[in-house]
Amino acid sequence: MKKFWASALTAVLSGAGLVATASPAAAAEVAAVVSGACVDGANETTVSLTNDEATDVLFVLTFTRDGVPDAGEMPVAAGVSDAYSTSFPEDSSTRVTVTVGDGPQAQVVADETIEVNCEPDVPLHEATAPTVTGLPAPGATLTAVPGEWLPSGVVFAYQWMRDEIDIPGADDATYIVAESDRGTTLTVRLTGTLPGFITESRTSTGTAIPEVFTTAPLPTITGLAAVGTVLLADAGTWVPAADSLTYQWFRDATPIPGANASTYVLTGADAGFAIKVHVTGAKAGFESVTASSVATLRVLSAGAPAISGGKDVGKVLTVTPGTWGPSPVTLSYQWLRNGSAISGANAATYKLGSSDAGRSVSVRVTGSKGGFPSVAKTSPAVAVNGILTAKTPTISGTGAVGKTLTASAGTWGPSPVTLKYQWYRNGAAISGAVAKTYRLVTADAGRSITVKVTGSKSGYTSASRTSSAKIVLKLLKTATPRISGTAKAGQTLTVLRGTWGPTPVTLKTQWYRNGVAISGATGSSLKLTTKDAGKSITVKVTGSKSGYSTVSKTSAAKTVYKPARPADVDCNDFGGNWSAAQAWYKKYYPYYGDVADLDRDNDGIACDSLR
């Protein structure tokens, strides 16, 4: 707000002189009014003059400031009001004397002291709060940047503050942060002055000077420097405890993108590089600190070993170590049985022994290289098949064509064991002969017959055992015998054996009556009796020879003559002819006996009455 002070004196001409009164008078003809004001920041004194006379009046104005007068004249025409003003640049007290005329006759119209305290009431057009640049750390220099103040020409004064309390002597545009400032907030107050404008002060935002951790340990890394391994960073114990710990893993000196956890899984890209980790501790009001671990050995890329080869005892296993790097890498081998090292098994191959049966076999491959860790990788295990308890089969049965042979496998274990059979002729498998029994055929004659039994069981090596050979007898060349002679009681039949071979062949003969061997009838001929009448007579010839199957051949049958049973007769039926009766008797008696009762005295003579 503007401050205004004014004082007015009215001088009235009366007779020979001027009389001054302390209040305005409407009848005054010559008057002077003195006023003072602060205008645009300067002391401005104004003298308003009025001349109501009919003639011109010469006013003399004297301004006395700090005891130094400064006078000047100002004519005012008759009937005219006019004003005179002057400015002083500072607040001041000014005595203003106004007279009419000059010299001894001068008459005082006004004599007044004007007190003006020119406090500016115009604000600066723009006054921006200062900013502070610089590192908020002891020993660092903070700089106050005023920002934009208008109009130009503003003079600045600085005062640095610690937690809103002035820091003695800190009144420059810069400030060096002291160790004692830790844990406090620094600000700077900027005061701008410009004549004619209100003095303005602005305070910066606070700059917090953080405290420091008393203990920020170096992190440690655990884990093998091998591709695929998980590395673990141990940040240690921070004092005081950090609000947060952040991690950054490095491949040599290069940060690994995205590797910001306390663990890191080594990848193929890490092979050949040393790995380290930076741990940054942060806490409200504390300076963040980054601690770096010691680097690991360079990372080795280990291959994945794999085993090839059979799983049976006696087979050779071979390890493929996989790709190791950076090349070259020295590889060593150790074969394991159920996880335990096998003495002396240190090559890339291993022959399975009986001790491995039913066990798991694996191989550990160890890679070594200067500046790198030794890395061991173990292959997946191979389950070695167990060994079956197997028996050699036996063959029972006659080794002759047409006979059936039977295989006995014996006891296999551990039970149950699945058994399969294959019969062989002279070492060659017989197609379709895969049962426990085998019927000998003509092709087997004179051949060696064996059977192979194969046992199988999950987790065990299949085993095969072959029987001793059964020699099949050879086949004789035979002939079917024939019977010559009349097939009638009293006649003799003879056998025609035919040709048998290869010679010599032992031949035996047996005669049969209605399929029943006739006791003692083993010769080459047979004399027929009435006992044979009506019967079927055959002869069987059996040929035998060492190394050959005994063969029997039977002839076609011959039926021995037998008359039909006669009708009933008596001696009267012969017309007294004894000879006819005797002939009839002899004809039928051998076959039917005395069926007509013609020989009542059993003397062999029929019808004695007709003699």
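Val316 has Lys351 of strand S31 as its bridge partner, and strands S28 and S31 run antiparallel, joined by 3 bridges. The model is predicted, so that local features need pLDDT of at least 70 and side-chain atom pairs count only at pLDDT 80 or more, whereas totals for chains, interfaces and linings use all residues. Residues are numbered from 1 along each chain as its sequence is written, and side-chain values use heavy atoms, with hydrogens and water left out. Strands (E, at least two residues) are DSSP runs, numbered from the N terminus, and two strands are taken to pair if DSSP finds at least two bridges between them.

S28 and S31 belong to an open sheet of 3 strands, in which the order is S27-S28-S31 and the pairing is antiparallel. At the edges lie S27 and S31 (349-351), each of which pairs on one side only. On average, and with direction ignored, neighbouring strands of this sheet are turned by 25° against each other, where axes are lines fitted to C-alpha atoms and angles run from 0 to 180 degrees between N-to-C directions. Strands of a sheet pair through backbone hydrogen bonds, either parallel or antiparallel.

Elsewhere in the chain, strand S22 (residues 244-251) pairs with strand S25 (residues 275-282) in the antiparallel sense over 8 bridges, with Tyr247 standing opposite Val279 of S25. S22 is also joined by 2 bridges to strand S23 (residues 254-255), again antiparallel, and Arg251 has Thr254 in S23 as its bridge partner. The hairpin of S22 and S23 has 2 residues between the strands, and within this hairpin Asp252 takes a positive phi near 55°.

Ala304 lies in the loop between strand S26 (289-292) and strand S27 (306-308), and Ala304 is exposed, with a relative accessible area of 62%, the term exposed being used for values over 50%. Apart from its neighbours within four places in sequence, Ala304 is in contact with Thr320, Pro321 and Gly322.

Notes: Helices (H or I, at least four residues) and strands (E, at least two) are DSSP runs, numbered from the N terminus. Buried means under 20% relative accessible area, exposed over 50%, partly exposed in between (1.4 Å probe, protein chains only). Contact means heavy atoms within 4.5 Å.
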